[in-house]
Amino acid sequence: MPQATFPRIVYMGTPDFAVEPLKEILESGYNVSAVVTVPDKPAGRGLKFKPSPVKTFAQEKNLPILQPSKLKDPDFINELKKINPDIIVVVAFRMLPKEVWQLPKIGTFNLHASLLPQYRGAAPINWAIINGETQTGVTTFLLDEQIDTGNILLQEVVPISEDETAGELHDKLMLVGSKLVVETINLLAKGDYKPIPQSQISVEGEIKSAPKIFKETCKIDWDSPVSKIYNHIRGLSPYPAAWSELKIKKGDVESTTSIKIYSAEKNDFQPSAKPGTIATDHKSFINVNCSDGVLSLKRIQVAGKKAMNVDEFLRGLNNTELIEML
């Protein structure tokens, strides 16, 4: 069991993904001198200030918490200097200024949800699935002045199943990554490590990026092959979710509404009409034609409604005709 007072660790993180590694660090017997997370933000209808998941967990464990609005704030940097950390651990946080990541005696490392140098950027889990990868992984690396480019400490490969969603892969990588964070702290504390420059990592094919995902990124192009649309949907499920415009007809009036698609299935049907055209029995299935096949929708959410399975959605249509996806 590591000594409770060495190394002194400052942990930086914000979302759910960053909670499990912090929990693993504590359960491994290490001392966390402070937790750094974002300031509380207004959320919900009442716009009440809500703490980050990492802050909520840190409060439960009675850990000291710092919430700087600016990471270059002299008061914040002075607080860190007083703590005098040996290691800073960063998981799903902001880009750190040099004044911060250079502070620890041993170093500052980050956990990234990909096999670097592949999928540098804000959304590695989503893009790995969107691009149809069959494996990904987690990497710990030392911070430097660029984003996700530092020398690698440890990596672990994680397979991606054919029907896995971004949400499922997120949870799997979170658990694997938590173990890797503790292994990395063990190495750094012992001084038993040789960081590997990312330029020395062997990569098959091109290096792919994982940029931030915007609403337009999520829109489905029905002119694409079935497999590409299928990967697009599961790579954005459950959040932020792939979407399309649904053209409907009620009586003589045609209109469109936005629809999110959380899950779908590929099938062996050949397309019977132009991409985007819908076939349905109005009871149990909605099939959408793509460029080279047909996709069966399974779970959807129409604007203003809750998410539901397709059969439930069809039962509530009330003489509304589904025409096409735009």
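Student: How exposed is K179?
Tutor: This is a predicted model, and in it K179 is partly exposed, with a relative accessible area of 47%.

Student: OK, and which residue does K179 form a salt bridge with?
Tutor: K179 forms a salt bridge with E24, and the closest N and O atoms of the two are 3.0 Å apart. Because K179 lies in helix α6 and E24 in helix α1 (residues 19-27), the pair ties together parts that are 155 residues apart in sequence.

Student: And E24, buried or exposed?
Tutor: E24 counts as buried, because its relative accessibility is 14% and the cut-off for buried is under 20%.

Student: How many salt bridges turn up in the whole structure?
Tutor: A search of the whole structure finds 13. One of them joins E162 and K266, with the closest N and O atoms 3.1 Å apart. Here E162 sits in the loop between β9 and α6 while K266 belongs to strand β11, so this pair ties together parts that are 104 residues apart in sequence. E162 counts as exposed at 56% relative accessibility, whereas K266 is partly exposed at 37%.

Student: Switching topic: why is helix α8 described as largely enclosed?
Tutor: Helix α8 spans residues 226-235, and eight of its ten residues are buried, so the helix is largely enclosed by the rest of the structure. The buried residues include V226, I229, Y230 and H232.

Student: What do the buried residues of α8 pack against?
Tutor: They pack against helices α5 (124-130), α6 and α7 (215-218), and also against strands β10 (242-250), β11 (253-266) and β14 (294-302).

Student: Last one, S52: where does S52 lie, and what is S52 in contact with?
Tutor: S52 lies in the loop between β4 (48-50) and α2 (53-60), and with a relative accessible area of 5% S52 is buried. Leaving aside neighbours within four places in sequence, S52 is in contact with T14, T37 and V38.

Notes: Residues numbered from 1 in each chain as written. Predicted model: local features only at pLDDT ≥ 70, side-chain atom pairs only at ≥ 80, totals over all residues. Heavy atoms only, no water. Buried < 20%, exposed > 50% of the residue type's maximum accessible area, 1.4 Å probe, protein only. Helix = DSSP H or I, 4+ residues; strand = E, 2+ residues; numbered from the N terminus. Contact = heavy atoms within 4.5 Å. Salt bridge = Lys/Arg side-chain N within 4 Å of Asp/Glu carboxyl O.
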